[in-house]
Amino acid sequence: MSKISKIGVLTSGGDAPGMNPCIRAVVRTAIFNGLEVVGIKQGYKGMIENDMYEMGTRSVSNILNLGGTILKTARCLPFRTDEGMETAYQNIKAKGIDGLVVIGGDGTFTGALRFSQKYPDIAVIGVPGTIDNDLYGSTYTLGFDTATNTVIEAIDKIRDTADSHDRLFFVEVMGRDSGAIALRAGISCGAEAILLPEKSTALADLIDHLKNGATNKKSSSIVIVAEGDKTGGIYDLAKAVQNEITHYDIKVTVLGHLQRGGAPSSFDRVLGSRLGFAAVNALIAGQSQKMVGLEANHIKLTPLDEALSHHDFKLESDLLQMVEVLSI
Ligand code: ATP
């Protein structure tokens, strides 16, 4: 028998396509199992400010195809304090909530873990919802596939114009700490080079590589730079390369927030549905302080502290090696 009777669901941190399919799955799985569900607005802020509402099966109609999150999201500083957590606890207790599904990234999970350690009578399950794909315990996080496809669509268009004008484009993509989007998009678009936070690149090596491309009569080149790359800001980088390579006219494009938007891909709709369904079933089974993830196409539960402690996990090294070979 389930000890849980009322589930609160929230989205927190950066929004990611696939959060809505996940919310829908949480609501409907809970109701199917005879539980009540409360939607908490703007992540932990809604817990502190008592901004919550009862959700029914129809309150999540026609949201599978929507980007962003119908619950809205926020970064909430007061939740980091003991007072903020206590207010949040009192508010959700008053509503009768005894289980939480938190959809977000590593910051969200850090908050969730602290909260459930302080108040163990509230069971907490995390769903990895971040375009960064940087959580241990799930091969993919919600939103990563859609964001990567958005980047690919944009870079394919950039390639058309680059090719027509013999141009070299530096394209900045999201990823302050994670090069996951840069790497996948780079392989998919045949980028000549990919600069990532996880791997340092010597400017001289990059210039040599691009010069070789020009010598080999490449009509265009694309260099993808993740936000967190440490070689230098994208504009300074482009200037430094332009000084050394006159063959190409060099341009810079920063893709920015368009990477977060858009309808979730088929992959993210299915992933969001599976993880939301699994999160509620985990709460019903009496689990807490765990993250639901997908590994080898199976649902897996990972303790939140473990999901967080492997923060320095590396990108697939075979993909990194392959980029150099395939861009000759
Ligand atoms: P993304 O990966 O998309 O940035 P995230 O979940 O990592 O998502 P953060 O802004 O880092 O996003 O964290 C979301 C929220 O989690 C914060 O605004 C804060 O409310 C809460 N949080 C983060 N760290 C802590 C902490 N140490 N203690 C309590 N709450 C925290």
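This is a predicted model: local features need pLDDT of at least 70, side-chain atom pairs count only at pLDDT 80 or more; totals for chains, interfaces and linings use all residues.
I count a polar contact as a pair of N or O atoms within 3.5 Å.

I looked up Gly-107 and found one of its backbone N or O atoms 2.8 Å from an oxygen atom of the ligand. That distance falls within the 3.5 Å cut-off. I then turned to Cys-76, where a polar backbone atom is 2.6 Å from a ligand oxygen atom. For Thr-130 I noted a polar side-chain atom, 3.2 Å from an oxygen atom of the ligand. I also looked up the cover: on its own the ligand has 630 Å² of accessible area, and the protein covers 88% of it.

Entry, the shell. I find 18 residues around the ligand, and those that come nearest are Arg-75, Cys-76, Asp-106, Gly-107 and Thr-108. Sorting the shell by class, I get nine polar, five charged and four nonpolar residues. Which helix gives the largest share of the shell? I find that helix H4, residues 106-118, contributes six residues.

Entry, aromatic pairs. I list seven aromatic pairs in the structure. I place Phe-115 in helix H4 and Phe-79 in the loop between strand E3 (52-55) and helix H3 (82-95), so the pair ties together parts that are 36 residues apart in sequence. I note again that helix H4 is also the helix with six residues in the ligand shell.

Note on methods: Residues are numbered from 1 along each chain as its sequence is written. Side-chain values use heavy atoms; hydrogens and water are left out. A residue is near a molecule or strand if one of its heavy atoms lies within 4 Å of it. A polar contact is a pair of N or O atoms within 3.5 Å; within protein, one must be able to donate a hydrogen and the other to accept it, and residues adjacent in sequence count only if both atoms are side-chain atoms. Accessible areas come from the Shrake-Rupley method with a 1.4 Å probe; for residues, only the protein chains shown count as cover. Helices (H or I, at least four residues) and strands (E, at least two) are DSSP runs, numbered from the N terminus. Ala, Val, Leu, Ile, Met, Phe, Trp, Tyr, Cys and Pro count as nonpolar, Asp, Glu, Lys and Arg as charged, and the others, Gly among them, as polar. Rings of Phe, Tyr and Trp (its six-membered ring) pair if their centres lie within 6.5 Å; planes under 30 degrees apart count as stacked, over 60 as edge-to-face and the rest as tilted.
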